[in-house]
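Please look first at the sequence and the structure shown here, and then read the short report that follows.

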Amino acid sequence: MPFRHKNTRRIEGLDSNVWVEFTKVAADPSIVNLGQGLPDISPPSYVKEELAKVAAVDRLNQYTRGFGHPSLVKALSQVYEKVCGRKIDPLTDILVTVGAYGSLFSTIQALIEEGDEVIIIEPFYDCYEPMVKMAGAKPVFIPLRCKKDGNSASSADWVLDPAELANKFNSKTKAIILNTPHNPIGKVFTLEELQVIADLCIKHDTLCISDEVYEWLVYKGNKHIKIATLPGMWERTVTIGSAGKTYSVTGWKLGWSIGPEYLIKHLQVVHQNTLYTCPTPLQEALAQAFWVDYKRMDDPDCYFYSLSRELESKRDRMAQLLKEAGLKPVIPDGGYFMIVDVSTLNVDLSDLDEKQPYDYKFVKWMIASKKLSAIPLSAFCGLETKKQFEKYIRFCFIKKDSTLDAAEVILKNWNKQTG
Amino acid sequence: MLRRAGPSLRHFLLERNSSAGHSSCSREAKMSRPVQARRLEGIDKNIWVEFVNLAATYSKVNLGQGFPDFPAPDFLTEALRRALGGGNHMLHQYTRAFGHPPLVKVLAQFFEKLLGRDLDPMTNVMVTVGAYQGLFCCFQALVDEGDEVIIIEPFFDCYEPMVKMAGGTPVFVPLRPNPPKDGKLMSSADWQLDPAELASKFSERTKAIVLNSPNNPLGKVFSREELGLIAELCVKHDVLCISDEVYEWLVYDGKQHIRIASLQGMWDRTVIIGSAGKTFSATGWKVGWVVGPDRLLQHLRTVHQNSVYHCATIAQEAVAQGFQRELMLYGKPESYFVQLPKELQQKRDWLVQSLDGVGMKPIIPEGTYFLVADISPFKSDVPDVPNSDEPYDSRFAKWMVKNKGLAAIPLSAFYSEAHKNNYTNFIRFCFAKEEATLKAASDILQKWKQEKTSS
């Protein structure tokens with residue numbers, strides 16, 4: 001009898017994933033890995049110490065409150081009250097999840113369903129599309145377009161066309177997913193840009209799912225603005241944050257959703273029916289770390305700001321190296337990724353697998369011949385837009401000096417070898 | 001086309017639409033259209049939210065929610081400390097999404113031994129955020145709208161809402177008590193499935209059956225014959241088996257935990273779920289796993305990579321070391337898997353005695369760290385309320401925690417809505433507790449009994 005037990009409809013076509021393809025390849029230690037977004041710098045010592053302290057407390061090895069460990073949600077509410085300038089109830093307005101990834105999943109499962117449309121800005125963090133599809137809804141894409149006719153020097157050059165955006169909204173539109181600072185481009189949406197989005201959300205009575213995991217990583221001259229703080233937006237926005245990105249502890253997999261009770265309560269229902277509670281010791285350690293930084297939020301030594309300064313110099317170094325190798329980096333205003341136009345190198349890859357976009361082929365070639373890895377940008381685009389972005393690849397620069405040194409060697413020698 | 005309403009008009013309209021009872025949010029503006037997805041229908045209630053709150057507020061002795069109040073074993077917390085002190089700060093970063101390599105490798109080694117078959121750590125094992133998320137992946141990956149899933153009552157409460165959230169239809173079949181004729185205390189073994197009744201629940205729409213052995217809340221350890229019955233039906237009807245075996249190491253009286261996946265025809269259609277929380281008395285670490293054939297696990301991987309993607313690295317590292325230790329000590333007296341059930345059996349016996357001594361009739365569990373007791377002799381303390389929606393045992397448990405400070409969970413919490421009133425005289429106690437806790441519980445019960453006899 002043929003095996004009738006196939007996958008459910010909700011996951012049809014969602015099995016492949018750029019990370020599964022590229023993290024395997026980059027696991028080779030001889031390759032300088034600037035691909036996947038994980039820091040190889042150490043988290044701050046007090047963060048590691050808090051976890052060590054917590055490990056010794058017996059009751060912290062058992063279940064805690066499902067929707068978020070009390071001391072953590074309390075700390076989060078204090079930090080974000082300060083940032084948002086509004087009262088945030090730790091028990092009803094916050095949900096702690098397994099990474100921001102888990103928050104995205106809980107939000108989408110709670111609020112999105114078949115018949116809904118969800119607007120996704122391209123390029124996008126790749127999980128948005130499959131998550132929207134798994135919820136039975138239709139992703140509607142709108143690309144960021146380079147306003148300088150393809151000659152982009154900064155992430156600020158990439159903008160949405162307001163008329164094009166307005167056209168994407170209709171009565172079926174349930175939500176728009178916003179990611180600022182933006183992965184992969186590093187764009188930090190300005191107040192004006194957020195206002196355009198907000199106006200449309202209010203006009204069409206849609207939700208805004210605001211992925212702000214890189215909220216602290218903004219560089220000089222830029223300010224991270226929370227769309228939830230714009231008039232009329234708190235009641236329709238779920239804002240998502242990440243411990244992994246805030247404290248350089250991606251392996252702790254803790255994130256949070258913040259919003260009005262009447263939205264968060266549905267995320268809590270999803271959470272109680274998916275994994276129920278997040279690990280206790282990690283939440284307690286994170287809470288303690290937040291208290292340390294909450295107390296110095298007006299001090300430049302606060303990790304939220306010091307990390308940003310550290311990364312800005314890495315960003316600048318990375319950009320310099322890439323330019324010297326003849327590549328065209330797009331300098332990000334925020335985040336820890338940089339996209340690079342590789343078409344200037346004119347590497348001929350026509351003999352490789354036709355079906356893959358140019359950037360996939362380029363990255364594979366670069367890994368094999370230059371021992372340097374990155375992520376192809378078309379992985380972050382809907383089907384229609386892949387052609388627009390296939391000349392770009394994404395580098396991650398939250399890397400220790402020795403990694404960047406190794407990258408420097410490769411980039412300096414780039415032109416000394418041929419194809 | 002909607003016009004942007006001014007704040008006061010908008011607020012007025014939303015006030016009218018908002019539901020009563022939430023004073024804080026009826027003052028807040030909301031979206032004017034219904035927001036939540038239909039998949040949440042009927043799954044918003046959860047007994048734990050209520051009972052955990054009650055225990056936190058009123059209980060002096062908490063035998064309610066299932067977690068140990070004794071520490072996790074030293075070797076486990078030591079493993080975490082070693083990992084933290086080892087200087088490898090990459091343990092604070094993402095690991096392999098489907099499971100930290102050292103953990104999936106040792107799990108594969110362990111389960112190869114237990115199942116008597118070769119296992120590939122990369123395709124036959126996946127790490128999840130607790131067994132809870134493993135269960136979630138099973139239902140999302142394998143249960144579609146219109147599929148029926150057989151659930152044996154009483155059941156760990158999450159199975160029903162998870163089946164519903166996946167669009168499936170739960171089909172319930174009860175374990176029925178057959179009390180021993182000699183008047184002795186019942187054992188969890190006396191609660192049995194009726195084979196004909198079970199067979200009648202299988203239809204062409206049946207996608208899976210959820211098996212939980214050892215069973216929470218009764219503590220039943222399904223026998224080889226009972227598992228054989230279930231296996232036969234699974235094979236006959238080509239149905240999957242989701243086998244929740246989180247309490248696999250907690251079996252008493254020399255009984256054996258038998259894995260249904262090792263029965264004829266079952267490996268290819270079974271997903272086994274396990275838990276580090278229960279295995280190593282560290283429920284707060286939320287590390288679980290699924291083991292099964294690649295052609296089923298591949299779909300669980302798809303769900304996992306689109307829902308949480310990675311599990312916390314450092315907890316997996318420490319659990320891997322815990323398993324390494326157990327692999328070396330397997331079957332030896334120093335093995336935690338030998339010591340823990342020994343200790344818990346003593347606690348079980350102690351609690352059984354305490355309850356029996358005051359007139360509550362415990363059902364002696366063959367496994368898990370739960371036992372269910374018949375509270376009929378104490379019923380008179382809590383007046384029945386005619387035409388009440390709430391099952392009697394639930395009101396009893398609430399009254400008990402508020403008035404006696406002793407927390408337990410009503411058995412009706414583990415039944416479907418339709419069957420909540422079938423067994424209203426039972427409550428569940430967790431005995432994974434320090435001696436002092438169990439003694440304190442006994443003191444409360446003794447005092448209570450004395451109050452009854454003297455009044």
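How many residues does the contact take from chain A and from chain B?

## The contact between the chains

With contact meaning heavy atoms within 4.5 Å, 87 residues of chain A and 89 residues of chain B take part. This is a predicted model, in which local features need pLDDT of at least 70 and side-chain atom pairs count only at pLDDT 80 or more, while totals for chains, interfaces and linings use all residues. Residues are numbered from 1 along each chain as its sequence is written, chains are lettered from A in the order in which they are written, and side-chain values use heavy atoms, with hydrogens and water left out.

The area buried between chain A and chain B (accessible area, 1.4 Å probe, lost on putting the two together and summed over both) is about 7700 Å², and carbon and sulfur atoms give 54% of it. In chain A, the residues that lose the most area to chain B are A:Gln62, A:Tyr63 and A:Asn273, which together make up 10% of what that side buries.

## Charged and polar pairs

Between chain A and chain B the count is 3 salt bridges, each a side-chain nitrogen of Lys or Arg within 4 Å of a carboxyl oxygen of Asp or Glu. A:Glu113 forms a salt bridge with B:Arg38, with the closest N and O atoms 3.3 Å apart.

The side of chain A that touches chain B divides into 42 nonpolar, 25 polar and 20 charged residues, where Ala, Val, Leu, Ile, Met, Phe, Trp, Tyr, Cys and Pro count as nonpolar, Asp, Glu, Lys and Arg as charged, and the others, Gly among them, as polar.
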